Amino acid sequence: MIETTRVNPEAIGWDPDRLRRVEGLLDQATRTGEVPAAVFCVGGRGRIAAPRSFGLQHPDQPAPVRDDALFLVASLTKPVTALAVMLLVEGGALTLDDRVVDLIPEFQGDGKAEVRLRHLLTHTSGLPDQLPENERLRAAHAPLSAFVEGTCRHPLLFPAGTRVQYQSMGFALLAEIVQRQAGVSLAAWLRDRVFEPLGMADTYLGCPPGVLDRVAVVRVPPDQRQRGDWGWNSPYWLGFGAPWGGLVTTPLDFARFCRMMLNNGEANGRRVASPATVRSMTTNQLQGMPKVPEEDRRCRPWGLGWRLAWPGSSANFGDLLGPRAFGHWGATGTLCWLDPDAQAFCLLFTTTPAVGGRFLALISNAMAAAMVDG
């Protein structure tokens, strides 16, 4: 069990006065209704400070955010799914150069024989972010297998390894690969190999009905409110467990995951991943892809599942992170980043969709400025 309630932020590398500026910004944003709910959590020097919560559990109801609130963190799921795959790599079951068609024979079509596992993990596969039939599948409450089948049929948008284009459907295939290689579902693999060892008892890839009332309700954009019972807040989607964006967790649980990554794969005296795995996941993988445009390799680098620091871009991460920082963001208004040079991390969970990344960037700048060791 991680003790958090008595941790002095200054003792773990954070300036308490500057963190109070972050609190003021989030308090103002929730009081004005700009953001329904916000929770932030920081950690450093191997410890985690208690999360701070602001706002409402439901955008249209007066009850404050619950102490045990769960959040749909959207694409923060991707680095978690990536770690599941990398555990198979470090265990000798896979290599990053394995062809997807050899792992999923149904993955057929022009150019698909050249798609490698590393392309799925770095957004260089040529697959789409979402399928054209995404809304139809969700409206029909389709299972993950239907998304995998659709992805196997969908033509590539460009030859693998020649461009970078953000793609969620590559992570659908990664879940299928985990199931075929490990013999269990991605959710079960993560539970046994990651969540339980880290003490992440409130983290689910597929939210069980018994805890749905704890999930903080996302403020859905007006153009999505009349789209049936398959949106972010629906029991279907929360229970679906999308490997690209369906993780439901608490700030403290995800902080445990971040702490493990900063500690080279170890936490609570248990090794979840090897230092070599963590190093590979957080190194610019585009450098080894000569057909990717040089501008992407240099200015918009990706690790394996993790976005690295992008010079010249403020969106989501802000402007003050170090050159070795890595992290991710989520469409439901979530963000995390980790700075190995400062041995610190922060995460911010909100319930307003991230559009353009400016709000997250503003808070991220204020949080980065509070790092004493940075």
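Helices here are DSSP runs of H or I with at least four residues, strands are runs of E with at least two, and both are numbered from the N terminus. The model is a predicted one, so local features need pLDDT of at least 70 and side-chain atom pairs count only at pLDDT 80 or more, while totals for chains, interfaces and linings use all residues. Residues are numbered from 1 along each chain as its sequence is written, and side-chain values use heavy atoms, with hydrogens and water left out.

Helix 7 itself runs over residues 169-182, and its end C-alpha atoms sit 20 Å apart, which agrees with the 20 Å that its 14 residues should span at 1.5 Å a residue. That expected span is 1.5 Å times one less than the number of residues. Most of helix 7 is covered, with ten of the 14 residues buried; buried stands for under 20% relative accessible area, exposed for over 50%, and partly exposed for what falls in between (1.4 Å probe, protein chains only). Among the buried ones are Met169, Phe171, Leu174, Glu176 and Val178. They pack against helix 2 (77-90), helix 3 (100-103), helix 4 (117-122), helix 6 (144-153) and helix 8 (186-198).

Helix 1 (residues 16-31) shows another pattern of burial. Its buried residues are Leu19, Val22, Glu23, Leu26, Ala29 and Thr30. Seen down the helix axis, these fall within an arc of 130 degrees, so they line one face of helix 1; the arc is that of the directions from the axis to the C-beta atoms. An α-helix has 3.6 residues a turn, so residues three or four places apart point the same way. Arg21, Gln28 and Arg31 are exposed on the face turned away from the buried side of helix 1. Cover for the buried residues comes from elements including strand 1 (37-44), strand 12 (344-350) and helix 13 (358-368). At the start of helix 1, a side-chain oxygen of Asp15 comes within 2.9 Å of the backbone nitrogen of Asp17. Just after the helix, Gly33 has a positive phi of about 85 degrees.

Then there is Thr332, in the loop between strand 10 (326-330) and strand 11 (334-339). Thr332 counts as buried because its relative accessibility is 0%. A polar atom of its side chain lies 2.7 Å from the backbone oxygen of Leu72. Beyond its neighbours within four places in sequence, Thr332 is in contact (heavy atoms within 4.5 Å) with residues including Leu72, Val218, Trp232 and Pro353.

Definitions and conventions. Polar contact = N/O pair within 3.5 Å; in protein donor to acceptor, adjacent residues only side chain to side chain.
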